[in-house]
Amino acid sequence: MSEVSPAVEAWKENASAFDRVQSVASTLSEPQTASYIANEAYVAENTARKHLERLVDLNVLITSEREGTTHYSADPLHTRLQTLRELLEQNDRDDLIELKSDLQSEIQGWSDEYGVDSPSELRACAAETGTAAQTRAVKTTASDWELVSYRLSIVEDAIENYAEYDRDYRASA
C-alpha cells in the first residue's frame, strides 16, 4: 500500500467523503469513471459511485457512456451559473465593466499579435510554426483565448442582467 502524504491525511480528516468526491469531480478537465474519481478522492469506489449519482441528481454533474462505462463530468450549465454567482458576489457593476474591458484588451492583444480573429484561426497557425516551442506557445494561447472568451461571455451576461441577478431574493423569502 502506498504511503499517504500529510496533506492528503489532513484533507481526509477535514473533508467528508462527499465533499472530496465533489471536489475531484467538479475539477475534472475530461469525463472520468467512478473508479478514477474514487482513487483521487481517497474513498471506496461504491462510496464514490453513491455520491456521484447524488451529484448527478442535483445537476452538478452529467454522465456519458464510453465503451459501456459511465463517465462523470461537471455540468456546464451548473458551472456557468456558479461562476456567474461568484462574479456577482465579488464585484459590483462598475467592477464587472472594468473586468470586461480587461478581458477584451487581452483578446485584442492576441488578435493583434497573431493577426487572427479567433482561437480556431490561431490553432490553424500552429501548423505553420518553425519550432516545437512556437507550436506549444500558439496552442497554449489559443486555449487561453477560448477560456478568456468564455469568461467574457459570463461577465457580459452579469452586466446585461445585473439588476435582475443582483436582487437578494433570500431577504424576501
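A salt bridge is a side-chain nitrogen of Lys or Arg within 4 Å of a carboxyl oxygen of Asp or Glu. By that rule, this structure holds 2 salt bridges. The model is predicted, so local features need pLDDT of at least 70 and side-chain atom pairs count only at pLDDT 80 or more, while totals for chains, interfaces and linings use all residues. Residues are numbered from 1 along each chain as its sequence is written, and side-chain values use heavy atoms, with hydrogens and water left out.

Take the salt bridges in turn. One joins the side chains of Arg 49 and Glu 45, at 2.4 Å from N to O. Both residues sit in helix H4, 4 residues apart, about one turn of the helix. Helices here are DSSP runs of H or I with at least four residues, strands are runs of E with at least two, and numbering starts at the N terminus. Arg 49 is partly exposed, at 34% relative accessibility. Glu 45 is partly exposed too, at 35%.

Glu 146 has a relative accessible area of 40%, so it counts as partly exposed. Arg 123 is partly exposed at 34%.

Now turn to the strands. Three of them form an open sheet in the order E1-E3-E2, with antiparallel pairing. E1 and E2 stand at the edges with a single partner strand each, so one side of each has no neighbour in the sheet. Two strands pair if DSSP finds at least two bridges between them. Strand E1 (residues 32-33) pairs with strand E3 (residues 69-74) over 2 bridges. Strand E2 (residues 61-66) pairs with E3 over 6 bridges. Tyr 72 of E3 is the bridge partner of Gln 32, and Tyr 72 is also the partner of Thr 63. Arg 66 has its bridge partner in Thr 69 of E3.

E2 and E3 form a hairpin with 2 residues between the strands. Glu 67 lies in that loop. Its phi is positive, about 55°, although Glu 67 is not a glycine. Glu 67 is exposed, with a relative accessible area of 81%. Tyr 42 is another non-glycine residue with a positive phi, of about 60°. Tyr 42 lies in the loop between helix H3 (34-41) and helix H4 (45-57). At 36% relative accessibility, Tyr 42 is partly exposed.

Asp 92, Asp 94, Asp 95, Glu 98, Asp 102, Glu 106, Asp 144 and Asp 166 form a negative patch. Patch residues have over 30% relative accessible area and no salt bridge; like charges are joined within 9 Å, and nonpolar side chains (Val, Leu, Ile, Met, Phe, Trp, Tyr) within 5 Å. Helix H6 (residues 93-114) gives the most to the negative patch, with 5 residues. Glu 98 is found in this helix. Glu 98 is partly exposed, with a relative accessible area of 48%.

Key
Accessible areas come from the Shrake-Rupley method with a 1.4 Å probe; for residues, only the protein chains shown count as cover. Lys and Arg count as positive and Asp and Glu as negative; His and the chain ends are not counted. The place of a charge is taken as NZ of Lys, CZ of Arg, CG of Asp or CD of Glu. Buried means under 20% relative accessible area, exposed over 50%, partly exposed in between (1.4 Å probe, protein chains only).
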